[in-house]
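Subject: Structure for your review

Dear colleague,

Please find below the structure that I would like to hand over to you.

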Amino acid sequence: MKQKPLNNPQPAHGLPAPAQTLRPLRGGLILFYAVLVLLGALMLGWLTLRDYESALDDAERQNLSLARSLDEHTTRTLISVEQAMQNIIEMLETGGGIDSAEEYKTHILLKNRITLTPQVRGIIAIDSRGILQSHGLEYPTRRVDLSDRAYFKYHRDTPDNRPLIDVPVVSRTDGQWLIPITRRINTPDGGFGGVVLAGVEPTYFLKFYSALKLDPTTRIQVLRSDGVVLLNYPFDAAYIGQNLRERDSLMFEKRRLKHASSYTELDPISGQRRMYAFHASEGELPIVIITSVDETAMLTKFRDALVTRAIIAVFLWLIVTILLYLLLRQIKRVEQIESRLHLTQFTVDEAPDLVLWADRRGTIRYANRSASVQTHYNQDELLNLRFGDLYPQFDERRWDPLWEQLQQHRQNNEIAFQRDRNGKQQPVEITFNLIEFDEEAYLCATVRDISERQNTERELRRHRDHLQDLVLERTAEIRTVLDASPLAIMLVVKQHIRLVNPAFETLFNHVASDVIGQPANQIFASPGRGDEMIETIWSRIDGGGVYRGELELYRHDHSGFWAMIYAKALVPGDRSKGLICVIEEVTAQRIAAQALRQSERLKRTIIDTTADGFLLIDAAQHIVDVNQSFCRMLGYRREDLIGQRPETLWGATARLLFPPELYEEGGASSHVGELTLNSSLDEPLPFLVNSAAINDENHRLEYAFAFLTNISRQKEIERNLVDAKEIAESANVAKSAFLANMSHELRTPMHAILSFSEMGLSKIAKGETGSSLSRYLDRIHSSGNRLLVLLNDLLDMSRLEANKMAYNKSRHVLQLVVQQAATEISSLLASKQLRLHTDDNTLQLYAMFDKARITQVVVNLLSNAIKFSPEGGRIEISFIALSLLDDGRPAIGLAVRDHGPGVPAEELDLIFDKFIQSTRMRTSGGTGLGLAISRQIMEDHGGSIAASNHPDGGAVFTILLPAERTIHAAT
């Protein structure tokens with residue numbers, strides 16, 4: 001059967017173009033990368049805008065919350081001042097006005113009220129003519145005319161008994177700023193009987209604001225409702241009394257009527273944008289609170305998050321870019337491989353050597369252009385010939401053995417004769433290779449014409465013979481030179497000794513005839529060591545250089561000695577030509593040098609291994625030597641210090657290293673002291689320095705050295721002791737600030753108790769009874785209960801935070817707890833005419849809990865519901881027979897719903913924090929601990945508490961407790 005020839009297209013005259021099949025893929029990848037980068041940039045921009053708006057919203061909520069808290073604090077403070085004035089006013093009116101009052105008794109009365117009211121600096125009584133009649137801080141009282149004050153004119157001309165908050169003034173008695181709160185005194189016949197003035201201390205508010213640890217850019221302004229500035233923080237007297245309403249009265253009224261608003265505008269002082277919170281009090285006192293914070297400080301966290309996100313985005317972009325680059329480079333490499341394949345095909349077709357492929361039977365399957373040129377056959381004729389037709393030596397008898405040989409060795413070279421179409425023969429060299437292609441094996445023969453090479457080889461053999469004769473002549477001349485040399489000389493060729501001179505025989509105790517032809521490694525300690533050293537010498541001289549080094553060699557009697565060896569290659573790069581070695585014994589010199597080096601090494605080791613730094617300078621004050629410890633401690637490199645002057649590196653401090661007396665002839669020989677040197681990073685480091693001088697035989701300074709001990713650890717211990725002292729003092733200040741803050745909450749009800757009890761005692765002493773006395777006793781009882789609740793809340797909170805709250809858990813019915821709580825607050829329900837509706841259709845719910853603490857939680861929830869419920873309203877309690885906790889456990893519980901204004905959505909979680917009350921709480925007082933205590937109690941029981949708003953209005957508080965496995969029927 002006729003075999004198909006290999007695909008053998010006619011060779012082209014030009015280089016074929018590489019394949020372009022991967023270009024669309026490259027373009028698609030680049031387009032995908034561009035789209036991905038664009039989408040990433042858009043996503044980054046969207047996230048940045050979202051976070052910016054979120055940061056502004058959070059700052060606005062915090063600002064408004066601060067304004068509401070400050071409004072509550074200011075209102076409570078001023079109300080307590082009014083309560084302090086109430087008793088004074090009643091006693092003065094009973095006595096017929098200030099004109100009729102006795103100065104000393106009035107002074108004692110005012111002084112007692114000042115003691116009970118820390119926010120008041122002083123209380124004074126002004127008679128009907130405007131003359132200061134009594135002062136709570138001094139007796140006798142100086143007669144100061146205050147009739148020109150605006151508050152005196154107002155009370156004199158206006159029969160208004162309500163308190164007046166006037167513009168802050170500088171006191172004429174002590175010259176300090178105060179906020180006057182005044183009340184009119186009426187005579188029994190309704191006439192004008194004078195004015196009582198309580199001067200509120202601005203410093204009281206400023207200390208409270210400082211204790212809040214506000215942002216340094218925060219500003220606070222306390223205004224009257226007409227826009228007059230009563231107080232600012234930080235305090236600036238230039239703005240006290242200014243009317244902010246006059247700047248834009250329409251906008252001011254709009255914000256005041258809105259009660260709470262937030263806005264951003266440029267600060268007229270600094271010119272920077274600030275966020276303002278405007279809060280108008282809805283209580284009895286006409287107070288407006290304005291807080292502001294710098295927009296730059298407000299957005300600090302946002303900017304940090306933006307930088308972090310940008311870094312991550314750049315990092316991801318770099319990763320994608322690198323991956324794309326690697327993929328594109330791989331595609332380019334594939335294209336290059338395809339191009340090389342085309343180039344290889346072209347090269348083979350156009351090669352000057354004849355290339356033939358033959359199959360197992362010897363039939364030619366491929367022939368390049370040179371085959372047609374050299375054999376004078378065309379392509380079709382060549383593909384119909386057998387390999388033996390062109391090369392008669394490879395007939396059928398030699399073909400099969402040749403094929404088997406190639407299967408073992410894959411390659412073979414043969415010299416043969418090529419016969420062309422005309423029968424002419426010429427010598428050729430054939431390189432055979434076995435190639436597997438398309439699941440078949442082929443013999444690839446590369447044929448080269450060697451006619452010229454054979455002629456050249458014959459000419460070279462003739463020149464070689466001539467050169468050998470010249471070498472023999474030169475060898476005789478070199479031998480004469482070697483014999484006259486006093487140094488041992490050895491010629492090594494191919495690792496064997498070829499020539500030695502008499503000096504070599506004398507040095508090694510060898511006879512030339514015994515060593516010539518022997519391996520060169522015999523003059524070393526061992527053959528292995530010798531081969532290693534000879535290889536080292538060759539690695540140095542292969543490039544044309546000269547080897548020079550000291551080696552230990554051995555004589556014929558195996559005695560060792562040290563020698564200096566000089567070696568050079570006869571022909572650089574050609575090891576077959578050998579090398580020449582010149583050997584000189586240096587044993588005596590080496591022993592002397594080794595002793596010197598050992599001494600130096602011992603001294604160097606001592607200096608380098610010490611933990612202290614070592615510095616050596618010469619008489620010219622240049623650094624001569626330093627050890628590693630010195631460089632490590634100060635961060636310098638040794639080469640950067642050598643040759644420098646200490647004063648250049650450390651200035652005048654260097655004089656403490658080497659004092660002037662060390663340089664003086666006959667001066668001090670040593671110096672000990674402390675100093676501070678700056679490291680290479682300008683970091684100051686403390687050292688203990690011990691320096692000394694080294695003088696020559698004439699007692700003049702030759703060298704000076706210093707040992708430096710790092711005492712940073714000792715200094716750090718000293719600083720830690722000082723810091724510990726400061727921390728203890730700061731803790732003491734913080735404790736004092738907390739006690740001062742809580743004293744206000746404790747003193748307000750206590751002051752009310754004392755005031756109304758004194759008024760009640762006064763009424764009883766006069767024999768008066770009736771509604772006023774009952775009203776005083778009710779207020780005393782209410783203030784006492786308020787003080788008790790406050791103390792209980794503080795005690796419970798401290799126990800919970802210290803994890804010292806004890807629980808007596810046992811099995812109880814939840815409905816009975818609700819009944820007990822309802823009984824405790826029945827008086828509060830009756831005071832506001834509220835109805836309590838309880839779901840009685842639910843089966844009894846059993847659980848393990850502390851009955852007293854769960855009752856406390858229910859009472860807290862019902863108390864909150866009463867506070868927010870309108871009079872005559874209704875409170876509903878519903879029971880939850882089955883629910884799930886967050887961890888999936890079954891639970892029972894109850895929900896308390898009021899019909900009040902509800903809780904703002906943004907405060908549903910905040911109201912459970914300590915000292916936090918809802919912004920819809922319009923009454924003053926309380927610690928804000930009730931819900932925080934309730935949440936901690938529920939969490940300690942493994943339950944939960946949550947707040948929500950009912951769709952039909954009002955707030956709903958839900959508590960859940962882990963339930964028992966079964967629900968018992970009601971009995």
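Before the first finding, one term is needed: a helix here is a DSSP run of H or I at least four residues long, and helices are numbered from the N terminus. Please also bear in mind that this is a predicted model.

Helix 27 is followed by glycine 942, whose phi is positive, near 80°. Within helix 27, which covers residues 930-940, the buried residues are Gly930, Leu931, Ala932, Ile933, Ser934, Ile937 and Met938.

The chain as a whole

The protein chain contains 27 helices and 33 strands. Of its 971 residues, 39% are buried. The accessible surface of the chain comes to about 54,200 Å², and carbon and sulfur atoms account for 55% of that surface. Among the contacts in the chain with a separation of 6 or more, 55% are between residues 24 or more positions apart.

Helix 1 and its partners

How do helix 1 and helix 2 pack against each other? Helix 1 (residues 23-94) and helix 2 (residues 103-116) meet at an angle of about 165°, and their axes are 10 Å apart. Because angles over 145 degrees count as roughly antiparallel, helix 1 is roughly antiparallel to helix 2. The crossing of helix 1 past helix 2 is right-handed. Helix 1 contributes Ala84, Asn87, Ile88, Met91 and Leu92 to the contact, while helix 2 contributes Thr106, Leu109, Leu110 and Arg113. Sorted by class, this contact of helix 1 with helix 2 has 6 nonpolar, 2 polar and 1 charged residues.

Helix 1 also packs with helix 7 (residues 300-350): their axes come within 11 Å and cross at roughly 175°. That angle makes helix 1 roughly antiparallel to helix 7. The residues of the contact between helix 1 and helix 7 divide into 19 nonpolar, 2 polar and 5 charged.

Helix 24 and helix 26

Helix 24 (residues 814-824) packs with helix 26 (residues 851-868) at an angle of about 55°, with the two axes 9 Å apart. This angle makes helix 24 oblique to helix 26. Helix 24 passes helix 26 in a right-handed crossing. On the helix 24 side, the residues are Leu814, Val817, Gln820, Ala821, Ala822 and Glu824; they meet Lys851, Ile854, Thr855, Val858, Val859 and Leu862 in helix 26. By class, the contact of helix 24 with helix 26 has 8 nonpolar, 2 polar and 2 charged residues.

Two single residues

Is serine 513 buried or exposed? Serine 513, which lies in helix 14 (residues 512-515), is exposed, because its relative accessible area is 59%. Serine 513 and valine 500 are 13 residues apart in sequence, and their C-alpha atoms are 9.4 Å apart in space.

Arginine 874 lies in strand 30 (residues 874-884). With a relative accessible area of 32%, arginine 874 is partly exposed. Arginine 874 and leucine 834 are 40 residues apart in sequence, yet they are 5.5 Å apart in space, C-alpha to C-alpha. Apart from its neighbours within four places in sequence, arginine 874 is in contact with Leu834, Arg835, His837, Arg897, Asp898 and His899.

Yours sincerely

Conventions:
Residues numbered from 1 in each chain as written. Predicted model: local features only at pLDDT ≥ 70, side-chain atom pairs only at ≥ 80, totals over all residues. Heavy atoms only, no water. Axes fitted to C-alpha atoms, helices over the stretch in contact; angles between N-to-C directions. Helix = DSSP H or I, 4+ residues; strand = E, 2+ residues; numbered from the N terminus. Parallel < 35°, antiparallel > 145°, perpendicular 65-115°, else oblique. Left-handed = near helix turned anticlockwise from the far one by under 90°. Contact = heavy atoms within 4.5 Å. Nonpolar A, V, L, I, M, F, W, Y, C, P; charged D, E, K, R; others polar. Buried < 20%, exposed > 50% of the residue type's maximum accessible area, 1.4 Å probe, protein only. Areas by Shrake-Rupley, 256 points an atom, 1.4 Å probe, with all protein chains shown as cover.
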